[in-house]
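Try each task before reading its solution.

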Amino acid sequence: MKYFKWIWHNTLGIRWNTAVRIVAGTAQVGLGLLMVWLCRRFIDETIRTGTAHDVTIMAIWLILTVVGGVLLRQVYFLLTTKAGIHQTNTLRLKMFSSLFRRQLYEEKDIHSGDISSRLTKDIEVVSETTTDTLPQMCITAIQLVGAFLLLRYFDRWLAWALLILTPMAIIMAKFIGRRLRQMTLDIRQDESRIQMQVQEGMENNA
């Protein structure tokens, strides 16, 4: 629960941006599924039994679907870039303000090399998670539901196979995510150690 509170508190300036991106991503998913349905109908029905006018109308629909998907993708990318810059700057400002209000050396020493490493790496990761990963998770969930319904319309056995395999994929991803999280933590600690050694070496040689 505390993670949700932290995310809600630290996404104050990008909530509308995130909501618009989720809507744009959902519309993009809808156009992608519509493209699959149109292609199926174009191949199975229009080409075989349709007139030249029907083929032209279907081709126009396909072109409009592709163009709409490209435009939505560009809007999503633009809003993601804008939100990422805003979030990164906001987090850095909060971190620097917090550091200026405290001493670097207290009960637990905080080395300036470790601080610089954390500010350059961790903030970017947190910013990317809050501005890109979380909206993508919502869009992916909607995409899975849409894909299930579309597959159920085409072939119910394929739809149920997707429904069964998806939890297995989530479990595997969670297991891999734990390993990657531990590896990332080890890498960050090694980077901090190297940064501290480099800084201390430069100060001693100066």
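**Exercise 1: the second pocket**

Task: Classify the residues lining the second largest pocket: how many are nonpolar, polar and charged?

Solution. The model is predicted. Start with the count: the lining holds 8 nonpolar, 3 polar and 1 charged residues. Next, list the residues. They are F4, I7, W8, T11, R15, T18, A19, I22, T130, L134, P135 and C138. Then place them on the fold. Helices α1 (2-10), α2 (15-49) and α4 (112-154) each give two or more residues to this lining. Finally, size the space: the volume is about 290 Å³.

**Exercise 2: the course of α2**

Task: What span does α2 reach, and where is its kink centred?

Solution. First, count: α2 has 35 residues. From first C-alpha to last, α2 reaches 49 Å, close to the 51 Å expected at 1.5 Å a residue. Now look for the bend. A kink of about 45° is centred on F42. Check burial there: F42 is buried, and so are others in α2, including T18, R21, M35 and L38.

**Exercise 3: fold and confidence**

Task: Which helix of the protein chain has the lowest confidence, and which the highest?

Solution. The chain has 5 helices and 0 strands, in the pattern α-α-α-α-α. Of its 206 residues, 22% are buried. Now turn to pLDDT. The chain averages 77, and 74% of the residues score at least 70. Confidence is lowest in α5 (residues 156-205), at a mean of 69, and highest in α2, at 87. Where pLDDT is low, predicted coordinates should not be read in detail.

Conventions:
Residues are numbered from 1 along each chain as its sequence is written. This is a predicted model: local features need pLDDT of at least 70, side-chain atom pairs count only at pLDDT 80 or more; totals for chains, interfaces and linings use all residues. Side-chain values use heavy atoms; hydrogens and water are left out. On a 1 Å grid over the protein atoms alone, a cavity is a set of points where a 1.4 Å probe fits but cannot get out, and a pocket is an open set with protein on both sides within 12 Å along at least five of seven lines; lining residues have an atom within 4 Å of a point. Grid points are joined across faces, edges and corners, and a volume is the space filled by probe spheres set on the points. Helices (H or I, at least four residues) and strands (E, at least two) are DSSP runs, numbered from the N terminus. Ala, Val, Leu, Ile, Met, Phe, Trp, Tyr, Cys and Pro count as nonpolar, Asp, Glu, Lys and Arg as charged, and the others, Gly among them, as polar. pLDDT is the predictor's confidence in each residue, from 0 to 100. The expected span of a helix is 1.5 Å times one less than its number of residues. The bend at a residue is the angle between axes fitted to the seven residues ending there and the seven starting there. Buried means under 20% relative accessible area, exposed over 50%, partly exposed in between (1.4 Å probe, protein chains only).
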